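Hi everyone, thanks for making the time. I'd like to walk you through a model I've been looking at, so let's bring it up on the screen.

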Amino acid sequence: MTNDTQNTTQSTPENAQDTQAAPGTSAAMTVVVTGATGRVGSRVAEAARAAGHEVRAASRSGAVRFDWYDPSTWADALRGADAAFLAYQPDVGAPGAAEAVGAFTRQAVELGVRHLVLLSARGEDQAHPTEAALAEAAGAARWTVVRASWFAQNFSEGPLADAMRESGELVFPGGEVLEPFIDARDIADVVLAVLAGGERYAGRMLEVSGGRLLSFRDAVAEISGVAGREFGYVPVAAREYGAALTEFGVPGAEVEFLIELFETNLDGRNAHVSDGVRDVLGRAPRDFTDFVREAVASGTWKG
Ligand SMILES: NC(=O)c1ccc[n+]([C@@H]2O[C@H](COP(=O)([O-])OP(=O)(O)OC[C@H]3O[C@@H](n4cnc5c(N)ncnc54)[C@H](OP(=O)(O)O)[C@@H]3O)[C@@H](O)[C@H]2O)c1
């Protein structure tokens, strides 16, 4: 597998346009989208449909029943598909992720899938075995890893956002660390450009982030300012947060993994922006404030 920093794409706005128009690469495909009801997968599915592809929305409750923990559900989702977007649950670096992604990729290739795009996380050492498993199992098929920063949509969708909406506080082990929150729609746009790009992004690690560093406190303050509702930010130790997850019924092994993840990934190593969105799409990432305005307009943080 190639090194991520050396291998980050250097395409320009001009050749990004070429990417969209590359001969023989823009034909309609059948794309399996895992996590298709989630923050990123739902946007990948939407962008793929808008690009004229047939989408197989694959999740436990999706149009195509698919469970990462039940390999008997994989073949029906994959058979006859051209490409697959992989969003592993609960996390790309979780115990068992590398084995599942490797086995899934092997089966996908056997069934004729030619391009696999894995959603991974920037700066997450725990995800490296999963990325390596994808690369090894893909063989001659194209594979691409999209390593994303923290999603802006974590503040608007999912359990953390639900808790914030209900309590008026974001309780999270993010300290005062800076993070370039990325809009999940930008990740989806990058995934679609990768699929349209044929060989251009094959075997590549693309690091994508938002364009601006904010602390979790800054992000919550921006949301409060636009939403017209005061939210607090309560930084807690990762272990304290883990104890709360245990109370909510998250299994012990997952809690231990998440504690380690928060203690490492939120230690400042990711306090920098990455150029992947501009390199691939030839435009700046969507700004966090625009994300907040749109989410407020759709009533996201109403109590
Ligand atoms: N959060 C971040 O900031 C961040 C940053 C970088 C990378 N990532 C990576 O992004 C991925 C998560 O993506 P997301 O935040 O878009 O997901 P999400 O919003 O948490 O949604 C989870 C999706 O996965 C499906 N799902 C849950 N359990 C499943 C299972 N056992 N088998 C099959 N599907 C299952 C869910 O649908 P059903 O309930 O219908 O199954 C849903 O579609 C993880 O791999 C994580 O490591 C996250």
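This is a predicted model: local features need pLDDT of at least 70, side-chain atom pairs count only at pLDDT 80 or more; totals for chains, interfaces and linings use all residues.

Which residues come nearest to the ligand? There are 25 residues around it, and the nearest are Thr37, Ser59, Arg60, Ser61 and Tyr88. If you sort that shell by class, you get 12 nonpolar residues, 9 polar ones and 4 charged ones. Which strand gives the most to the shell? That would be β5, residues 115-121, with 3 residues.

Now for some individual contacts. An oxygen atom of the ligand sits 2.8 Å from a polar backbone atom of Arg39. The backbone of Gly35 has a polar atom 3.2 Å from a ligand oxygen. With Gln89, the side chain takes part: one of its N or O atoms is 3.4 Å from an oxygen of the ligand. And how much of the ligand does the protein bury? Taken alone, the ligand exposes 910 Å², and the protein buries 86% of that.

Stay with Gln89 for a moment, please. Cis or trans: what is the peptide bond from Gln89 to Pro90? In this model that bond is cis, with omega near 5°. As a reminder, most peptide bonds are trans. If you want to find the spot on the screen, look for Pro90 in the loop between β4, residues 83-86, and α5.

Take α5, residues 97-110, with α6, residues 128-138. They pack at an angle of about 20°, and their axes are 8 Å apart. Angles under 35 degrees count as roughly parallel, so α5 and α6 are roughly parallel to each other. The crossing of α5 past α6 is right-handed.

Next, α3, residues 41-50, and α8, residues 184-196. Their axes come within 8 Å and cross at roughly 50°, and α3 and α8 are therefore oblique to each other. This crossing is right-handed.

The last pair is α10, residues 238-247, and α11, residues 252-265. How do their axes cross? They come within 9 Å and cross at roughly 150°. That makes α10 roughly antiparallel to α11. Here α10 passes α11 in a right-handed crossing.

Notes. Residues are numbered from 1 along each chain as its sequence is written. Side-chain values use heavy atoms; hydrogens and water are left out. A residue is near a molecule or strand if one of its heavy atoms lies within 4 Å of it. A polar contact is a pair of N or O atoms within 3.5 Å; within protein, one must be able to donate a hydrogen and the other to accept it, and residues adjacent in sequence count only if both atoms are side-chain atoms. Accessible areas come from the Shrake-Rupley method with a 1.4 Å probe; for residues, only the protein chains shown count as cover. Helices (H or I, at least four residues) and strands (E, at least two) are DSSP runs, numbered from the N terminus. Ala, Val, Leu, Ile, Met, Phe, Trp, Tyr, Cys and Pro count as nonpolar, Asp, Glu, Lys and Arg as charged, and the others, Gly among them, as polar. Axes are lines fitted to C-alpha atoms, for helices over the stretch in contact, and angles run from 0 to 180 degrees between N-to-C directions. Angles under 35 degrees count as roughly parallel, over 145 as roughly antiparallel, 65 to 115 as roughly perpendicular and the rest as oblique. A crossing is left-handed if the near helix is turned anticlockwise from the far one by less than a right angle, and right-handed if clockwise.
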